[in-house]
Amino acid sequence: MDDALVIGGRKFGSRLIMGTGGAANLAVLERALLASETELTTVAMRRVDAATGTGVLDLLRRLGIEVLPNTAGCRTAAEAVLTARLAREALETDLVKLEVIADERTLLPDPIELLDAAEQLVADGFTVLPYTNDDPVVARKLEQAGCAAVMPLGSPIGTGLGIRNPHNIAMIVEAAGVPVVLDAGIGTASEAAQAMELGCDAVLLATAVTRAADPERMAHAMRLGVQAGRAAWGAGRIPRRRWALASSPALED
Amino acid sequence: MRITVNGESRSVADGATVADVLAALGMPSTGVAVAVDGEVVRRADWSVSELGDGAAVEVLTAVQGG
């Protein structure tokens with residue numbers, strides 16, 4: 001597997017991590033997941049509804065996609081730790097996308113509770129992938145706490161505003177010794193490419209695909225965007241310059 | 001005795017275990033996890049974990065999200 005994404009000792013051939021939230025139904029979700037070629041996909045943990053059963057889990061297992069449970073909706077470290085432990089028990093995985101949000105309006109991470117939860121879960125043997133602000137200092141502290149990756153937001157969840165602070169993302173990438181996953185805010189394929197051009201190791205997105213007019217086509221576009229951005233990052237872009245540089249030979253006198 | 005399951009009050013036999021409650025409610029036995037009073041009960045302990053009167057049982061599974 002060339003150029004694999006490695007998180008917590010697991011290898012993934014795709015650098016596009018998908019979410020499952022927002023899809024109109026499981027059939028639409030299935031087509032989008034297939035078009036994305038993702039190998040790792042998030043689910044949320046909620047009370048069992050005997051009517052709906054465990055459909056999304058069955059789908060991911062059938063498609064051979066590794067499941068990444070999240071702690072979405074948790075507001076405190078204690079809630080997030082309990083949710084992660086329940087996810088580990090239900091899904092038999094030590095992977096967790098750790099989310100501890102501050103409020104419903106912004107859905108921004110609460111860095112104090114997040115770091116507390118991350119420390120507890122690392123100590124409990126989890127492979128912790130924290131959803132964090134685009135703050136290089138918090139990202140560094142999460143890495144020091146033993147997280148297997150850091151996942152800064154581009155912009156708030158579901159906004160499609162893209163990467164509001166590319167400079168911060170670049171600083172996080174430059175300092176990080178663990179994979180950096182751009183998580184949240186992506187609206188379209190060029191923004192997924194931008195994340196990869198900034199040096200991110202992967203992109204995690206859901207809404208941009210699941211709520212697109214055509215989720216399957218957008219999933220395909222995101223796959224290509226991530227691949228293009230990764231290739232460009234590896235190729236090394238030209239430096240920006242102030243004045244023109246002719247690309248054709250000068251005319252002879 | 002009375003317990004709550006996912007927020008709903010229910011009457012169960014004295015000495016009922018986690019496994020008894022899941023079976024009675026037709027809950028799936030795989031892909032779910034159980035917490036009683038805020039503590040995870042491991043699958044291996046479901047059939048021996050007796051519930052007390054007033055126990056708060058949460059049964060969670062994976063749903064679309066994130």
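In chain B, 32% of the 66 residues are buried. A residue gets that label when 20 or more other C-beta atoms lie within 10 Å of its own. Keep in mind as you look around that this is a predicted model. For chain B the pLDDT averages 90, and 100% of the residues score at least 70. The model as a whole has an ipTM of 0.88 and a pTM of 0.91.

Let us stay with chain B for a moment. How many helices and strands does chain B contain? There are one helix and five strands. Take the contacts in chain B with a separation of 6 or more: residues 24 or more positions apart account for 58% of them.

Now turn to chain A. Its secondary structure comes to nine helices and ten strands. Of the 253 residues in chain A, 49% are buried. A compact globule with 253 residues would have a radius of gyration near 18 Å, and the 19 Å of chain A agrees with this. Along the principal axes, the C-alpha trace of chain A spans about 85 × 40 × 40 Å. Among contacts in chain A with a separation of 6 or more, 62% come from residues 24 or more positions apart.

Strands of a sheet pair through backbone hydrogen bonds, and they can do so in a parallel or an antiparallel way. Four bridges link strand 6 of chain A to strand 7 (residues 127-132) of chain A in the parallel sense. You can find this pairing by looking for Leu95(A), which stands opposite Thr127(A) in strand 7 of chain A.

Strand 10 of chain A is joined by three bridges to strand 3 (residues 16-19) of chain A, and the two run parallel. In this pair, Met18(A) stands opposite Leu205(A). Strand 10 of chain A also pairs with strand 9 of chain A, again in the parallel sense and over three bridges. There, Val181(A) stands opposite Ala202(A).

Next, look at helix 6 (residues 166-175) of chain A. Its residues Ile169(A), Ile172(A) and Val173(A) are buried. Seen down the axis of helix 6 of chain A, the buried residues fall within an arc of 100 degrees, so they line one face of the helix. What covers them includes helix 5 (136-144), strand 8 (151-152) and strand 9 (181-183) of chain A. On the other side of helix 6 of chain A, His167(A) and Glu174(A) are exposed.

Val56(A), Leu57(A) and Leu60(A) are its buried residues named here. Viewed down the axis of helix 2 of chain A, the buried residues fall within an arc of 100 degrees, so they line one face of the helix. Their cover includes helix 1 (26-36), strand 4 and strand 5 (66-69) of chain A, together with strand 5 of chain B. Just after helix 2 of chain A comes Gly64(A), with a positive phi of about 70 degrees.

That brings us to where the two chains meet. In all, 22 residues of chain B are in contact with 28 residues of chain A. On the chain B side, strand 3 (32-36) and strand 5 (56-63) are the elements that give two or more residues. Strand 5 of chain B gives the most, with six residues. The chain B side divides into eleven nonpolar, eight polar and three charged residues. Strand 5 of chain B also runs antiparallel to strand 4 (residues 40-47) of chain A, and four bridges join them. To spot this pairing, find Ala44(A), which stands opposite Val63(B).

Methods:
Residues numbered from 1 in each chain as written. Chains lettered and ligands numbered in written order. Predicted model: local features only at pLDDT ≥ 70, side-chain atom pairs only at ≥ 80, totals over all residues. Contact = placed C-beta atoms within 7 Å. Nonpolar A, V, L, I, M, F, W, Y, C, P; charged D, E, K, R; others polar. Pairing = 2+ DSSP bridges. Buried ≥ 20, exposed ≤ 12 C-beta atoms within 10 Å, placed from the backbone. Arc of directions from axis to C-beta. Rg over C-alpha atoms; globule rule 2.2 N^0.38 Å. pLDDT = per-residue confidence, 0-100.
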